[in-house]
Amino acid sequence: MSALQKIAEIEAEMARTQRNKATMGHLGLLKARLAKLRRELIEPKGGGGGAGEGFDVAKTGDARIGFVGFPSVGKSTLLTNLAGVYSEVAAYEFTTLTTVPGVIRYKGAKIQLLDLPGIIEGAKDGKGRGKQVIAVARTCGLIFIVLDVLKPLQHKRLIEHELEGFGIRLNKTPPNIVFRKKEKGGINLQQMVPQSELDADVVKTILAEYKIHNADITLRYDATPEDLIDVVEGNRVYIPCIYVLNKIDQISIEELDIIHKVPHTVPISAHHKWNFDDLLEKMWEYLNLVRIYTKPKGQLPDYRSPVVLRSGNTSIEDFCNKLHRTIIKEFKYAIVWGTSVKYQPQKVGKDHILQDEDVVQIVKKV
Ligand SMILES: Nc1nc2c(ncn2[C@@H]2O[C@H](COP(=O)(O)OP(=O)(O)OP(=O)(O)O)[C@@H](O)[C@H]2O)c(=O)[nH]1
Ligand SMILES: [Mg+2]
């Protein structure tokens, strides 16, 4: 039986199984088996050809955004009208057959936009070219899920499901679960809060499926079996996501009002270039980038071309490495102006954490 058939079988069994206390353990086991089979599909055994082969393009700029959606929702129209790059637009489906990159400059940062081919249902299980598309999406700092406003919610769920199946977690933070494998001592489960699903038996069943019989696990919130499986699998990527609701020229103001309230969404018309300002602003917010201005000694700061860092990687050392990899070797201290320091300016070491729009002058050893 192929992995795909096995997946279908397990999904059918899960659908048949009633959810109650008695079946919790069995369902947990099925979920773990499903996760393992999905991983097999993503990383085929025997090496040769990464999943994204042929679809990925060179990374450029400070961040990368992938456009994911069903065919004909307007991804190529959006790229063309936002970045001024030509990507073929047509009324038929699967117009775009490979990744088309574009670049925009926003607030001094260079942002790479990737127009990806349309995906179809079942991509996560290896159907169509969706597998390659989603593999590229995994490498993005932000995902735009582009939806046709006339069928947004149904499509939204399907695409989320596809991305989830590929180990992508949207607008989520990694589960706050401590998981440590050990040599011996059995399964030691600590529940800091009452658990509605993960009792000791369910946890043991799931871990046994991974042949893990000795481990410390701490659950600090009411976690789900899926959360535990994510932590055990360990290869999940957590990516922010904006739902871009396209073609709003086709609906009424009243309908727009309702749609506007869905979290993480921006309604636009790619064709008419409506509401691009909002989209760019939200994009900037979700990318969570930090701009640092350099100040050569005795000169004014260079406000035109900031060094752009990702939040979470904004130490002076990260800043130096982004400038040039040898700088850190000659580094003595840095002088910083801005919100990250108490005194203006202040002398700091390489571990100091910078904030957006700080000004930095590096002093080298002589
Ligand atoms: N009414 C309306 N039509 C649009 C809008 N944006 C795109 N379209 C139309 O939708 C159709 C599909 O647009 P594309 O940009 O090719 O869609 P796509 O998502 O790239 O499609 P694939 O490459 O096949 O995945 C074209 O006929 C576009 O003119 C919009 O804002 N309003
Ligand atoms: Mg297209």
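Trainee: Which side-chain contact does a nitrogen atom of ligand 1 have with Asn246, and at what distance?

Mentor: This is a predicted model, and the pair involves a polar side-chain atom of Asn246 and a nitrogen atom of ligand 1. A polar contact requires N or O atoms within 3.5 Å. The separation of the Asn246 atom from the ligand nitrogen is 3.3 Å.

Trainee: How much of the accessible area of ligand 1 does the protein cover?

Mentor: On its own, ligand 1 has 670 Å² of accessible area.

Trainee: Which residues have polar backbone atoms 2.9 Å from an oxygen atom of ligand 1?

Mentor: One such backbone atom belongs to Ser72, at 2.9 Å from a ligand oxygen.

Trainee: Which pocket holds ligand 1, and which helix gives the largest share of its shell?

Mentor: Ligand 1 sits in the second largest pocket. Its shell takes 3 residues from one helix, the largest share, and that helix spans residues 75–83. The helix is α3.

Trainee: What is the make-up of the shell by class, and which residues come nearest?

Mentor: The shell has 8 nonpolar, 11 polar and 4 charged residues. There are 23 residues around ligand 1. Those that come nearest are Thr77, Phe94, Thr96, Asp249 and Ser269.

Trainee: Where is the annotated TGS domain, and how far apart are the end C-alpha atoms of residues 288–364?

Mentor: An unreviewed UniProt entry carries the annotation "domain: TGS" for residues 288–364. That span is 16% helix and 35% strand. Its end C-alpha atoms lie apart by 30 Å.

Trainee: Is the peptide bond from Gln344 to Pro345 cis or trans, and which loop holds Pro345?

Mentor: Omega for the bond from Gln344 to Pro345 is near -5°, and the bond is cis. Pro345 lies in the loop between β14 (331–337) and β15 (346–348).

Trainee: What is the phi of Asn171, and where does Asn171 lie?

Mentor: Asn171 is not a glycine, yet its phi is positive, at about 50°. Its place is the loop between β5 (168–170) and β6 (177–181).

Methods. Residues are numbered from 1 along each chain as its sequence is written. Chains are lettered from A and ligands numbered from 1 in the order in which they are written. This is a predicted model: local features need pLDDT of at least 70, side-chain atom pairs count only at pLDDT 80 or more; totals for chains, interfaces and linings use all residues. Side-chain values use heavy atoms; hydrogens and water are left out. A residue is near a molecule or strand if one of its heavy atoms lies within 4 Å of it. A polar contact is a pair of N or O atoms within 3.5 Å; within protein, one must be able to donate a hydrogen and the other to accept it, and residues adjacent in sequence count only if both atoms are side-chain atoms. Accessible areas come from the Shrake-Rupley method with a 1.4 Å probe; for residues, only the protein chains shown count as cover. On a 1 Å grid over the protein atoms alone, a cavity is a set of points where a 1.4 Å probe fits but cannot get out, and a pocket is an open set with protein on both sides within 12 Å along at least five of seven lines; lining residues have an atom within 4 Å of a point. A molecule sits in a cavity or pocket if more than half of its atoms lie within 2 Å of its grid points. Helices (H or I, at least four residues) and strands (E, at least two) are DSSP runs, numbered from the N terminus. Ala, Val, Leu, Ile, Met, Phe, Trp, Tyr, Cys and Pro count as nonpolar, Asp, Glu, Lys and Arg as charged, and the others, Gly among them, as polar. UniProt positions are given in the numbering used here, feature names are shortened, and annotations may be inferred rather than shown by experiment.
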